[in-house]
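Thanks for coming, everyone. Please have a look at the model on the screen, and then I will walk you through a few of its parts.

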Amino acid sequence: MPPGEARRGPRICRSTSALRAIYAGVMPNTDVISFSRGAPSLDIVDTEGLKAAAVAALEADPAGVTGYGTSVGYGPLRERIAAKHGVKAENVLVTNGSMQADAFLFDELVKPDSPVIVERPTYDRTLLGLRNRRGELHPVRLQADGLDVDELEGILKGGVRPTLAHIIPNFQNPAGVTLSGEKRTRLLQLANEYEFTIFEDDPYYDIRFRGEQFPTMLEQDETGRVVYACSFSKTVCPGLRTGYLVGPADIIAKIAAAATNTYIAPNMFAQATIHQFAASGALDRSIATVKAALEERVDQLSASLRAHLPNAEFIVPDGGYFLWVDLGEGVDCAKVAAAANDEGVQVVKGTDFVLEGGESCLRLAYSAVKADRIDEGVRRLAKAVEASKGR
């Protein structure tokens with residue numbers, strides 16, 4: 001099998017928990033190998049560059065950095081993002097992380113019983129946010145090349161009229177797959193025909209480490225059907241909590257008004273630091289560092305899975321943070337996760353990422369595990385799979 005070739009598409013999985021233990025903080029046992037959370041390890045965060053950028057932000061604009069600012073975000077960073085995406089600044093809103101951007105957009109577009117298309121599987125926090133707003137969720141399965149657009153078209157022809165379709169097009173969380181160029185075109189055509197908004201949730205775009213980079217749907221959108229979100233968490237670091245929305249000016253203006261009433265303004269210091277980090281060239285260097293590390297890590301992870309769990313089925317991503325693995329029929333991922341914890345390795349149950357099914361699946365985040373620890377982590381996982389059969 002050539003490197004990166006899929007054995008078969010991801011299985012359907014079910015959302016069940018909010019991963020309280022994972023999001024509570026660092027485990028006290030320093031020997032724990034964690035494939036649980038999508039965050040970069042400290043060795044690939046440019047802390048020295050961030051120190052310099054923070055100083056530069058204070059020196060260049062002390063009033064702007066230390067003041068409240070406005071709800072649309074730090075002006076120079078907003079302009080930089082607009083230039084990157086070929087839009088006007090009025091089409092951009094900079095937020096406290098892309099999840100804040102998601103929340104604002106969901107509040108604007110998703111009302112109780114609003115039909116919403118989601119991928120199956122999809123990010124657990126997306127499911128949580130949409131269910132908290134009582135959206136009517138219509139999951140559409142993922143294939144090796146992204147969303148099954150034929151299945152979506154069948155749902156639309158069957159009478160469902162969605163307000164929103166949430167799509168993670170590049171190195172999808174949790175499945176690791178990428179939406180093909182052809183499917184992006186078809187999805188835009190369906191959005192125009194059936195008059196729904198595509199929420200292009202794209203935090204992993206810049207961390208493709210091999211293969212063809214497809215144009216975003218935002219770039220191809222001629223009718224204002226796309227709202228795009230991205231984040232600096234994956235390219236700089238998550239601690240600065242900076243993300244953004246790009247979309248039609250009227251939607252951005254409505255969300256900006258809601259943001260004003262929510263927090264007056266997002267974190268100006270963080271956003272100014274990122275602006276200076278990018279202006280200095282450190283952002284490009286950071287992206288290169290992250291991509292090189294992630295490529296090494298995912299190659300080691302896939303090799304270790306083939307060696308220690310030869311019956312596992314998975315797609316090797318060409319970028320991003322996550323690999324989705326199906327351990328096979330009869331394996332209970334809840335039991336595996338519990339046994340893995342006993343072995344000192346953390347994983348996330350596939351059932352957390354969909355509404356039903358997926359008991360044999362796991363999401364493995366390779367971003368925080370150095371390459372020289374990955375094989376040991378998979379060895380422990382293999383022991384956990386065997387141990388789970390007796391539980």
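When I say helix or strand, I mean a DSSP run, numbered from the N terminus, of at least four residues for helices (H or I) and at least two for strands (E). This is a predicted model, in which local features need pLDDT of at least 70 and side-chain atom pairs count only at pLDDT 80 or more, while totals for chains, interfaces and linings use all residues. Residues are numbered from 1 along each chain as its sequence is written, and side-chain values use heavy atoms, with hydrogens and water left out.

Over residues 31-381 the chain is 44% helix and 16% strand, with the end C-alpha atoms 14 Å apart.

Now to a pair of helices: H2, residues 47-60, and H11, residues 268-279, have axes that come within 8 Å and cross at roughly 110°, where axes are lines fitted to C-alpha atoms, for helices over the stretch in contact, and angles run from 0 to 180 degrees between N-to-C directions. H2 and H11 are therefore roughly perpendicular to each other, a term that covers 65 to 115 degrees, whereas under 35 is roughly parallel, over 145 roughly antiparallel and the rest oblique.

Finally, the sheet: 4 strands form an open sheet in the order E10-E11-E14-E13, with antiparallel pairing, and two strands pair if DSSP finds at least two bridges between them. Strand E10 (313-314) and strand E13 (348-349) stand at the edges, each with a single partner strand, so one side of each has no neighbour in the sheet. E10 is joined by 2 bridges to E11, residues 322-326, and Glu313 stands opposite Asp326 in E11.
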